[in-house]
2 protein chains.
Amino acid sequence: MAHTVGGGSLLIAWQLKDKRVLIVGGGEVASQRIDSILTTDAHITVVSPHDGLNPRTRRFINEHTHRIAYHDRPFAGLEELQGMDMVLTALDDVELSRSICNMSRNARIPVNAADIPDSCDFYFGSQIRDGPLQIMISTNGNGPRMANLVKKKLQNALSGVEGQTITKVGELRAQLKIRAPGVGGELGKKRMKWMTSVCNAWEMEELALLDDMMMHKLLDDGWENDRVPTFAEVGGKANPRSFNITWFPAVGPTIGFVAGALCTLLVVAARRR
Amino acid sequence: MAHTVGGGSLLIAWQLKDKRVLIVGGGEVASQRIDSILTTDAHITVVSPHDGLNPRTRRFINEHTHRIAYHDRPFAGLEELQGMDMVLTALDDVELSRSICNMSRNARIPVNAADIPDSCDFYFGSQIRDGPLQIMISTNGNGPRMANLVKKKLQNALSGVEGQTITKVGELRAQLKIRAPGVGGELGKKRMKWMTSVCNAWEMEELALLDDMMMHKLLDDGWENDRVPTFAEVGGKANPRSFNITWFPAVGPTIGFVAGALCTLLVVAARRR
């Protein structure tokens, strides 16, 4: 896979905790935008005449009353942008959309206008989410359909344990920081090195099974002695679900071998009679 | 895989074409930031005393003189932010880093401070790039090491043809827009529907092999008649590389079957003698 210099976007994880996002419009694309913003902790304001709401947008507004403020009116002008941290337009009216983009840009508020790529500070992409794990697929405007095909490939590659693993590693790091507090410096490097060693030595499936008692033992026996105990050493027991995953490649040939032997025996037995 | 509401970041593809990015610092993290920004078309300014540059940062500055402006000095104050569209700090000095964050936020310039998550408008994540295809993996601050492990899983799931496929689909869409121009409306929907049908009907490996002649035939025979010709119909020839990929799962059992049959025959033959 080629590393390519230039021509790309900067893929980033934008922080929206306690921020305010304005969505202008209520149709299908607006409902996709609401869905995207609901994955964050932002406060959402939707501005759209009621008859412009599609069923999904209406459902979001009804189900998330504590997160979404809804104003049944067309976009009223510059005052709508007051206090907003991000603006998303999802309108059929391209001229209005462009004008909202310009107002937002003048106010230095990041803005995305559906269907007008050259007016956007940023694009959306296909997303995969599993707890703290988020994955984004961008084709840089070369086709949302392709992004979805790639998304399916990637989803198939994930075992489903990744989110849980990342949560547990985050908890372990937090507990380590309580034992060995401070920002940066030599201690910070030592913490990072030890965490990396644990993540390298253990399987993802093992990390996902860490409980409070195992974490304490891991820190007591491991961090304090500058070593990495095994999963079994801290009391880990193999999960029946993760049973012998490495043997699976041998199953096909084995079944084939037995079937081949049986068929041959049958043929030989039939010919003897 | 659970869909999770709340608690996440908004993963977006930030547009930096012809924008200006300030990087304060010159160490290892600064070199990672330069690497990230070089994937875009932004102009980069690096501010750091020369003795604070690590070898990789120095190499980037020497190799990309047309993209990177380097100032051999410590951060000089608010005037450094003049005309900047994004600010990234990569400093050991946490206080200075925080103060640059505050200046940037007051000037409404998006800012990321390495190692100070609560001061960041956005985070970076692990990235995969293949031409127009970009993938980002974020663990929402729960461990860069885990992001890299997930990255490896995803890289293994990609065949390497995806970037080329997306490029060709983008070219096809561009040619279609020349034939059937205009933004939005019924025609826009018809274009999108036809493109989706083609992407669904063809294999990725086939789309990647589209050349100019095949694209013309696909548009002549397909778009004009509102149908989707097959790869072979527009003159496509199977790539030897993509040979019978769907047969691979049968190879193991088949080899097993033959081996089982042979072994049984040998045993039977040995017993007859």
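1. Two strands are taken to pair if DSSP finds at least two bridges between them. In this predicted model, strand β2 (residues 20-24) of chain A and β5(A) are joined by four bridges and run parallel. Within that pairing, V21(A) sits opposite M86(A) of β5(A).

2. On its other pairing, β5(A) is linked to strand β6 (residues 111-113) of chain A by three bridges, and these two strands also run parallel. Here T89(A) faces A113(A) of β6(A) across the pair.

3. Together with helix α3 (residues 94-106) of chain A, the strands β5(A) and β6(A) form a right-handed β-α-β unit.

4. What covers the two faces of strand β5? In a regular strand, side chains alternate between the two faces of the sheet. For β5 (residues 86-89) of chain A, M86(A) and L88(A) lie on one side, with V87(A) and T89(A) on the other. These four residues are all buried, and both faces of the strand are therefore covered, buried meaning under 20% relative accessible area.

5. Chain B superposes on chain A by a rotation of 179° with 0.2 Å of shift along the axis, at an RMSD of 0.7 Å. The two copies are thus related as by a two-fold rotation axis. Of the interface residues of chain B, 100% are interface residues in chain A as well, so the copies meet through the same surface.

6. An unreviewed UniProt entry annotates residues 130-156 of chain A as "domain: Siroheme synthase central". In the model, this span is 48% helix and 26% strand, and its end C-alpha atoms are 13 Å apart.

Terms used:
Residues are numbered from 1 along each chain as its sequence is written. Chains are lettered from A and ligands numbered from 1 in the order in which they are written. This is a predicted model: local features need pLDDT of at least 70, side-chain atom pairs count only at pLDDT 80 or more; totals for chains, interfaces and linings use all residues. Side-chain values use heavy atoms; hydrogens and water are left out. Copies are superposed by least squares on the C-alpha atoms of residues with pLDDT of at least 70 in both. Contact means heavy atoms within 4.5 Å. UniProt positions are given in the numbering used here, feature names are shortened, and annotations may be inferred rather than shown by experiment. Buried means under 20% relative accessible area, exposed over 50%, partly exposed in between (1.4 Å probe, protein chains only). A crossover is right-handed if, with the strands pointing away from the viewer, the path from the first strand over the helix to the second runs clockwise.
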